[in-house]
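This briefing concerns a predicted model.

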Amino acid sequence: MKNRFNLIIIFIFLSFCFIVLYKGLNNSNIYTPKIIDKKDIPVFKARDFDSNIFIASENIFEENNYYVVNIWASWCVPCRKEHPLLMKLSKNQSVKLIGLNYRDNLNNARKFIKELGNPYDQILIDNNGTLGVEFGAYGVPETFLIDKNKKIIKKFVGPINQEILEEIKLIIK
Amino acid sequence: MKILKIFLIIFLLMGFTQSKSDEKNVKLKYKILKNIRCLVCQGQSVHDSESDFASSIKLIVDKKIKEDTSEEQIYEFLIEKYGDWIIYDPKLNKNTYILWLLPILIFLLGGVIMYKKVLIKNNE
């Protein structure tokens, strides 16, 4: 009876360990922050890329408009890859594109835009990365979709692809 | 001359208070940065990491400490942006119940098994 009890305990313990480790094998060990609930857009002031004047977030994001905030830099190779898709998205009248130039050399950033085209309605300068943190970003490129109530509803880590573009188009339709 | 002495004492006292407060802020900053996980070099704290993300977080923590934001409020700000995982020492909430309670449960289970064993041995 005693041995049987011990065996059951050992079996339960080993099964538990097996399940935990097996589940762990299937999970990626790289953590990616996700947006579970809708989040308010941060309140901030940032320098405008063209005019170099400080602009408050209230004057950038208006209600009843969808916005895509894209964090990019001229030194970021995946940003070049996603740029043609952003150019395509910029033709859509239902959304405004806001670029966040992340930790970049302004001359290089201007060359980048001149070379590949400007998909953005407005570009903001984030020279120390703190504005990116306000949005909950941790690298480049990252893209955020903001709804008509000024809430961040989607976050895409890494370069956007055709599938993501279609997803954005479906939401803003 | 007397006024000069009084000014000198006030000046020294102010300098002393300022350096004490700076020292406290440096210690607090060190404690917070050691407790924040770098999301780029996962496995390293923000304090130890040299990534762009870590340097941005360092700037934000520094700014918030200077604004007299409390340690708890700084963690709350970061958790709101990146989730519980960013803190090495997560707080007890619905996502971390198992993490906090499982060791206690295992400890209690071990205690019950040992108690039973001792009881059986004494009865024999």
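What radius of gyration does chain B have, and what value would a compact globule of 124 residues have? Chain B has 24 Å, whereas a compact globule of that length would have a radius of gyration near 14 Å. The C-alpha trace of chain B spans about 90 × 40 × 25 Å along its principal axes.

**Fold of chain B**
- Chain B contains 4 helices and 0 strands, and its pattern along the sequence reads α-α-α-α.
- Of the contacts in chain B between residues at least 6 apart in sequence, 45% join residues at least 24 apart.

**Surface and charge of chain B**
- Buried residues account for 25% of the 124 residues in chain B.
- Chain B carries 19 positive and 15 negative side chains, with the centres of the two sets 5 Å apart.

- In soluble globular proteins, nonpolar side chains tend to be buried together.
- The largest nonpolar core comprises 26 residues, and A:W72 and A:I168 have the most contacts inside it.
- Chain A elements that each supply at least two residues of this core include the strands β4 (66-72) and β5 (95-102) and the helices α2 (77-90) and α5 (162-172).
- A:I168 is in contact with A:V68, A:L89, A:L145 and A:F156, leaving aside its neighbours within four places in sequence.
- Another core, of 21 residues, lies apart from the largest one and has B:C38, B:L39, B:F53 and B:I74 among its members.

Conventions
Residues are numbered from 1 along each chain as its sequence is written. Chains are lettered from A and ligands numbered from 1 in the order in which they are written. This is a predicted model: local features need pLDDT of at least 70, side-chain atom pairs count only at pLDDT 80 or more; totals for chains, interfaces and linings use all residues. Side-chain values use heavy atoms; hydrogens and water are left out. The radius of gyration is taken over C-alpha atoms; the globule rule is 2.2 Å times the number of residues to the power 0.38. Buried means under 20% relative accessible area, exposed over 50%, partly exposed in between (1.4 Å probe, protein chains only). Contact means heavy atoms within 4.5 Å. Lys and Arg count as positive and Asp and Glu as negative; His and the chain ends are not counted. The place of a charge is taken as NZ of Lys, CZ of Arg, CG of Asp or CD of Glu. A nonpolar core is a set of buried Ala, Val, Leu, Ile, Met, Phe, Trp, Tyr and Cys residues joined through side-chain atoms within 4.5 Å.
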